[in-house]
Amino acid sequence: MSAVIEVRDVSVRFATDFGEVEAVDGASFEVREGEILGLVGESGSGKSVTATAILRLIRRPGRLTGGSIVLGGRDLARLGEDELQKVRGTEITMVSQTPRTALNPLITVGEQVARLFVLHAGLSKADARKRAIEMLAMVGIPEPERRARQYAHQFSGGMCQRVMIAMALATSPRLLIADEPTTGLDVSTAARILDLLRDLGHRTGASILLITHDLGVVATTCHRVAVMHAGQMVEVAPVRALFAHPAHPYTRALVRSIPRIDCEVAMEPIPGAVPSLLNIAPGCRYAGRCPWVEERCRQIKPGMTEIAPDHLVACYAVEDGRARVV
Amino acid sequence: MAFLAYFLRRLSLVIPTLVGVTIITFTLTYVLPGNPAVVKAGPLVSPEMVKELEKQMGLDQPFWVQYGRYVSGVLHGDLGESASTGRPVLKDFKQRLPATLELTLASLLIALVLGIPLGVQSAVHRDTAIDHIGRIVGVAGVAMPTFWTGLLALYVFFYLLGVAPPPLGRIGPGIEPPHAITGLYVVDSLLTGNWKALGSALHQLMLPSLTLGLSVMAPIARMVRSTMLEILESDYVKAAWAAGIPRRRVIYGDALANAMIPVITILGIVFGFLMAGNAVVESVFAWPGIGNYAITSLMTKDSGPIQSFVLFVALLYVIVNFIIDILYGLIDPRIRLE
């Protein structure tokens, strides 16, 4: 399957009062045609920053310091603001983690969907309105005609997220970035939103980059997974391989920390915390928490190695065979 | 429907406010030192004559009776007489009100037209040269009293540079004022196509309206800036960026519309500054408005016009705040539907 978007060595730095912080350190992955790629990691691991970087919406005090983001033969990292504006909302769209506040409180819900059709598809106001109501119906909003005339504060969180999804899919994008789309929603609503994303992604042919910290969501929703730790990409693998044969010590620990009901295995927390990114050593950022750490881990960041078909991992111990993948 | 209900609910709150206003204006003049009967009679009459006059004017009646008479007078359009002009206060007011309205509206327009874009640009280009200049202009506008900036402006633009006309009213000497439709010279001369009067009226209006406008521009610009800073970080603005909505439309559409609620709130306060500033600026520029009238009356201890001026400003305040409440409802569906 060909890649819709290829992210290579993307780095993002933020200036803080205490010095520069490299929030994303050379992240690489691709999202393929029609797939859902999960991007997982703890809070502060750089998932959302990576997504923001793909849309080129990193703002001061942050900046994109390197790498390429290739979409349809163009490198977004090198496009000007005018061209980027044409990519955003048409080829790449975004569903945020705060559905309730991501809708403009002063514009009716229908109008917020409709204006995307006017802006990006050049439809007339009347046609755009019609299409907006169709989109609202498609994402499962009951009585879309009536609801289109209402405002965000008259919608529940789950309904707001459905509207966001309608907006994100209105322009038939090639890539939809869903940044923790189920945060703050109750479990059953969250499940329905994920079903909707999966179903609509499939029907509209949009590839989805699903950012989450919930491995349960990853297991049920994604085709492949990319794991981030402290701004570095540590492992990329098909979802089955990742859960069955996690390779990177961080991923192994993550998988072991999932509570299970099918067998008597105790949950194991991961020792230590995500390291501070200030004045961090140039090597692997998991070194301080890793059982197989050696000196070079702290000096030079390991590159991605393919240890099985389509299964990439960045770890010297795995590369050398010291940490055997089971 | 919901909006009509909101409108009526707000309107019903205006009446108790107005009753309160009349009580306060009346009490103020009631407790202030100085006997109106003495003022009216002059300094040379005997105490018996004063007593007689007090009886005639009803000043010997209890407080509530006097208040009732005052309110009934106000309701019938009787605001008393001015001791200095010898005419009914209402008549004097009617004659001077258009001048004040013209100056106030022109100043408000200047403050909004300059203040809103300045605030937006300061927020968008935070901590850059534009932001710093905006801050300096703002602080200067607030820190310098209008009587001083008015005199300074006259000294520089009239006396030194000669680009401004002498401060002698609303229209140049020897020029016929336009046929009165609204009473605002600029509007009337536009409506009647009287370009000569328009030019002269604008020329006369230039310095006083800039003096007053720049003094109230700062709070508007600061409020726009701080609200915009907050809103530019909001989730829906970020979502609008991500949806590829053009930059200008995100800033001046999505964001500014949401910033208008606090800005309109500050307009109510700004209006108060304008009314206070009016009195001062009008006397500096010999502008024939009600502010000037009130100050002249204050100098001569002419209580009728002062009382009426206070009542009038309070009434305007109530009206402005009522309009502001209605605007809230028009702008924000959440308030309307509450």
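Begin by selecting A:Glu180 in this predicted model, a residue that counts as buried because its relative accessible area is 10%, under the 20% cut-off. A:Lys47 belongs to helix H1 of chain A, whereas A:Glu180 sits in the loop between strand E7 (175-179) and helix H7 (187-204) of chain A, so the pair ties together parts that are 133 residues apart in sequence.

Next, select the four strands of chain A that form an open sheet in the order E2-E1-E4-E5, with antiparallel pairing. Which strands lie at the edges? They are E2 (19-32) and E5 (74-75) of chain A, each of which pairs on one side only. Helix H1 (residues 47-54) of chain A packs on this sheet, where it touches E1 (3-16), E2 and E4 of chain A, and its direction makes an angle of about 115° with that of E1(A). To look at the pairing of E4 (residues 62-71) with E5 in chain A, which runs over two bridges, show A:Val70 together with its bridge partner in E5(A), A:Asp75.

Move on to helix H4 (residues 125-138) of chain A, whose 14 residues should span 20 Å at 1.5 Å a residue; the C-alpha atoms at its ends are 20 Å apart, which agrees. Colour A:Ala128, A:Ala132, A:Ile133, A:Met135 and A:Leu136, which are buried, and then look down the helix axis: the buried residues of H4(A) fall within an arc of 160°, so they line one face of the helix. Among the elements that cover them are helices H3 (109-121), H5 (144-147) and H6 (157-169) of chain A. Just after H4(A) comes A:Gly140, with a positive phi of about 85°.

For the last stop, select A:Glu294 and A:Arg322, which form a salt bridge with closest N and O atoms 2.6 Å apart. A:Glu294 is in the loop between helix H10 (249-256) and helix H11 (295-299) of chain A, while A:Arg322 follows helix H12 (316-320) of chain A, and the two are 28 residues apart. Are these residues buried or partly exposed? A:Glu294 is partly exposed, with a relative accessible area of 25%, and A:Arg322 is likewise partly exposed, at 38%.

How values were computed:
Residues numbered from 1 in each chain as written. Chains lettered and ligands numbered in written order. Predicted model: local features only at pLDDT ≥ 70, side-chain atom pairs only at ≥ 80, totals over all residues. Heavy atoms only, no water. Pairing = 2+ DSSP bridges. Contact = heavy atoms within 4.5 Å. Axes fitted to C-alpha atoms, helices over the stretch in contact; angles between N-to-C directions. Expected span 1.5 Å × (residues − 1). Buried < 20%, exposed > 50% of the residue type's maximum accessible area, 1.4 Å probe, protein only. Arc of directions from axis to C-beta. Salt bridge = Lys/Arg side-chain N within 4 Å of Asp/Glu carboxyl O.
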